[in-house]
Amino acid sequence: MNIFQTVKENVTARQAAEQYGLKVNKNGMACCPFHDDRHPSMKVDKGFCCFACGAKGDVITFVADFFHIVPLEAAKKLAEDFRKVSAFYRIIFICWKNGK
């Protein structure tokens, strides 16, 4: 298992969206942050899908697009921000830094 799988198994796109300031209604809809959206057009649950602009993906894609960072940095950010996978993250990061 790698950091991407671990993050995806522990954090949903809805949890990330709410953590980073999006208001998700009880039906799982939110205003899409990837275009000028005045009415909720993005469904957010395990993944996300905007019915207006077509943006879609998993939690890592959401965070990468939201913060304009690469997927590895998004996975690291999620691991750090949610700390559910922080022990595993540290192991992966150490291995990654050491080229293993």
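The model is predicted. The chain has five helices and four strands. Along the sequence they run α-α-β-β-β-β-α-α-α. Of its 100 residues, 36% are buried.

**Overall figures**
- The accessible surface is about 6000 Å². Carbon and sulfur atoms account for 54% of that surface.
- Among contacts between residues at least 6 apart in sequence, 43% join residues at least 24 apart.

**Nonpolar core**
- The largest nonpolar core holds 26 residues. Val7, Met42, Val59, Phe62 and Leu78 touch the most other members.
- In soluble globular proteins, nonpolar side chains tend to be buried together.
- Phe62 counts as buried, at 0% relative accessibility. Leaving out residues up to four places away in sequence, Phe62 touches Ala16, Ala17, Leu22, Pro33, Phe34, Met42 and Phe48.

**Aromatic cluster**
- Tyr20, Phe34, Phe48, Phe62, Phe66 and Phe67 form one aromatic cluster.
- The structure holds seven aromatic pairs. One of them is Tyr20 with Phe66: the ring centres are 6.5 Å apart and the planes meet at 25°, so this pair is stacked.
- That pair links distant parts of the chain. Tyr20 sits in the loop between helix 2 and strand 1, and Phe66 in helix 3, 46 residues apart.
- Tyr20 is buried, with a relative accessible area of 15%. Phe66 is partly exposed, at 23%.
- Phe62 and Phe66 are also stacked, because their ring centres are 5.5 Å apart and their planes lie at 15°. These two residues are four apart in helix 3, about one helical turn.

**Helix 4**
- Arg83 follows helix 4 and has a positive phi, near 55°.

**Ser41**
- Ser41 lies in the loop between strand 1 (29–30) and strand 2.
- Ser41 counts as buried, at 10% relative accessibility.
- Its side chain makes a polar contact with the side chain of Asp37, at 2.6 Å.
- Beyond neighbours within four places in sequence, Ser41 is in contact with Met29, Ala30, Cys32, His35, Cys49, Cys50, Phe51 and Ala52.

Conventions. Residues numbered from 1 in each chain as written. Predicted model: local features only at pLDDT ≥ 70, side-chain atom pairs only at ≥ 80, totals over all residues. Heavy atoms only, no water. Core = buried A, V, L, I, M, F, W, Y, C linked by side-chain atoms within 4.5 Å. Buried < 20%, exposed > 50% of the residue type's maximum accessible area, 1.4 Å probe, protein only. Contact = heavy atoms within 4.5 Å. Areas by Shrake-Rupley, 256 points an atom, 1.4 Å probe, with all protein chains shown as cover. Polar contact = N/O pair within 3.5 Å; in protein donor to acceptor, adjacent residues only side chain to side chain. Phe/Tyr/Trp six-rings, centres within 6.5 Å; stacked < 30°, edge-to-face > 60°.
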